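Let's take a walk through the aromatic side chains of this protein. Have a look at the model first, then read on.

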Amino acid sequence: MDVSAVLAAMHGTQAALAVLSALALTAHLFPPHAQVADNEEFDFIVVGAGSAGAVVAERLSELPHYNVLVIEAGGDPPIESLTPSLYTYLARTAYDWNLTSEEEGSAHCAASAHFPLTSGRVLGGGSSLNYLFYVRGAPADYDAWAAAAGDRAWAWPALLPYFLRSESLRSETLLRSPAARYHGTAGFHGVTREARPEAVRYLRAFGELHDVLPDINGDRSLGYTLQLYSIADGVRQTTAYTNLARCKGRTNLHVLKHTVVTEILFDELNNAVGVKTVVGGDRVVTLRARREVVVSAGALNTPKLLMLSGVGPRDHLESLNITVRSDLPVGHNYNDHIVTFTSVELDDDEVKDRPVDPATQPLPAFTGYVALHSGQTYPDYQAINYIVPKRSPAPAQFCAFALSQDPSICQSLLEASRKTTLLSVIALLHPKSRGRVSLRSADSADPPRVCTGTFAHEDDAETLARAAQDHLRVLETAEFRRLNASLVDLRLRGCGAADARSREYWRCHVRRARSTMFHYSGTCALGAVLDARLRVRGVGRLRVADASAMPALVGGNINAPVIALAEKAADIIKEDHAAVSSAFDFSSIKMFAAPLY
Ligand SMILES: Cc1cc2nc3c(=O)[nH]c(=O)nc-3n(C[C@H](O)[C@H](O)[C@H](O)COP(=O)(O)OP(=O)(O)OC[C@H]3O[C@@H](n4cnc5c(N)ncnc54)[C@H](O)[C@@H]3O)c2cc1C
Ligand SMILES: *[C@@H]1O[C@H](CO)[C@@H](O)[C@H](O)[C@H]1NC(C)=O
Ligand SMILES: *[C@@H]1O[C@H](CO)[C@@H](O)[C@H](O)[C@H]1NC(C)=O
Ligand SMILES: *[C@@H]1O[C@H](CO)[C@@H](O)[C@H](O)[C@H]1NC(C)=O
């Protein structure tokens, strides 16, 4: 079998799933499509029902006197989204915006990499198609947010309550441990913990080098741990399900699907008063907001919409004849975790290829958070490790389809599958490089132009090379020696033979075998574009609440932080409209414990 056969099988499954999705088997779970009239008015309009937008809209609608409209370009998540084991099939389907970044060295940006920038175009956004890792980052990471915002309201102690409020941890082991105080049990977002025996066994090998922690969300931020997942009762915890489906009975929460917002409308005082939309691909409809417009369209589409509406860098907007309302560095500071990957083959017959359990991640996973500098309390890199049984096509699939790597690299992974392998995705947690999102034209139908800036700062490639080498110290552990572990040579062009010891090899490796972690962020950053209350500077009644607001990346996957940010955004908005509900309503949570289908 070669990589093209693996890809053909992927596409075949996607085609079959597309047929299934025509049956709309999940439609009964989600709120109905709102019927809106031209010029209809709401209290709040939320643009985008993604990880953040669905939470903001739902929380605002807790107040019965607020009439809330959330507008989403996509529709209901299909079965393959709600079923955790099927996430690999969601990229490049009708549920993906199919955005890509600019070519390396293109006329518009020198440092970039041609990545598929998979992004959800579906209720729940990224939370409907991401890889389900539940991670928060280290407390120290949030100091950068507080510094950028000039407000300790964005530091860890002030954000932790929002993580707790949104979470419902389903791990008896952790809940009986001292880590329990860092977890919520009554929130909407169910979290389960990896429990497969292979993961526990492999953790022990890493335990020869690192601390093994029951939980990384406690007092310590360095070490190896079993992975937590955004999965509960066998269902992906997409905000489409946890927030919109759960509240579909609220008459003051309206969900407008298959509708693209093309412009934010302002009055003569530069207050946002509504949006222009295209409903169902052809009907142009204007919708009005009495109180505010909240943009939660994600870190690629939020800056695009702001710039189309006259909020952005003056020179850029003027070059497209867009009238400037507020001259701000929108689209600057694009930030993403850059990753490289390694594979180690082992003589390990105890790892069995069992039938896939649809209710969980297809492969057992555990994760390490490691500092390269002694004395540092927060990690420089994250290593997500998947234990892959013999003959599994998963790594080659992941390589060729999800990450769009060179076929020859993926072929090496496929050949390595004659043995058990450990596939590790190594992420640089605090990149110094920044990219930029800008407009291709003033036409809202054009995708945004994304320069990733990957390795624009030379320290980044060097740090990632060190991280990969550091990670592979595991080859020298007693357990990995016992299993005859050896590095799989990915046969990277121009890098020479894989050598776990030479820095020279790893500098080349990280440039040839690299990808995005899909953690686009920072393009409407707190401090620069937004004030500490998430208000867009220089205009009125307009906020941004999504990954664009993050001034710096936290040291981990960002879905849970986006949700915490959205929770805080909803509270800020309620406060600013003098309508804070005194207590969080825990009674509403019980209803989604019932099985789904
Ligand atoms: C493939 C992939 C894997 C990932 N894996 C993980 C993981 O394992 N763990 C983790 O923590 N994080 C992961 N992430 C990251 C995380 O899911 C995202 O950072 C997060 O979902 C971003 O949330 P958001 O609210 O900022 O944007 P989104 O969730 O992208 O929401 C934006 C929404 O706005 C809609 N929209 C955009 N423009 C318009 C418009 N003009 N009009 C109407 N609607 C519009 C979009 O369709 C979308 O639904 C992953 C992301 C991807 C893409
Ligand atoms: C993305 O690309 C796939 C495959 O080419 C296509 O089927 C799908 O409709 C595209 N998505 C959108 C939103 O256009
Ligand atoms: C901007 O307007 C000027 C004057 O009308 C025109 O010459 C130019 O082509 C326009 N530029 C763009 C990008 O549309
Ligand atoms: C490791 O390799 C040696 C030599 O080929 C072999 O005898 C041994 O059985 C291998 N170990 C395992 C765990 O398979």
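Let's start with Phe206, which is buried at a relative accessible area of 0% (buried means under 20% relative accessible area, with a 1.4 Å probe and protein chains only). Phe480 is buried as well, again at 0%. A quick word on ground rules: this is a predicted model, where local features need pLDDT of at least 70 and side-chain atom pairs count only at pLDDT 80 or more, while totals for chains, interfaces and linings use all residues. Side-chain values use heavy atoms, with hydrogens and water left out, and residues are numbered from 1 along each chain as its sequence is written.

Now for the ring pairs. The structure holds 18 of these aromatic pairs, meaning Phe, Tyr or Trp rings (the six-membered one for Trp) whose centres lie within 6.5 Å. One of them joins Phe133 and Tyr229, edge-to-face (planes over 60 degrees apart), at 5.9 Å centre to centre and 70 degrees between the planes. Phe133 sits in the loop between strand 4 (116-117) and helix 4 (141-149) and Tyr229 in strand 8 (residues 228-229), so this contact ties together parts 96 residues apart in sequence; strands are DSSP E runs of at least two residues, and helices are H or I runs of at least four, numbered from the N terminus. Both Phe133 and Tyr229 are buried.

Back to Phe206 and Phe480: they also pair edge-to-face, at 5.9 Å and 75 degrees. Phe206 belongs to helix 7 (residues 197-206) and Phe480 to helix 14 (residues 478-482), so the pair bridges 274 residues of sequence.

Terms used: Chains lettered and ligands numbered in written order. Phe/Tyr/Trp six-rings, centres within 6.5 Å; stacked < 30°, edge-to-face > 60°. Buried < 20%, exposed > 50% of the residue type's maximum accessible area, 1.4 Å probe, protein only.
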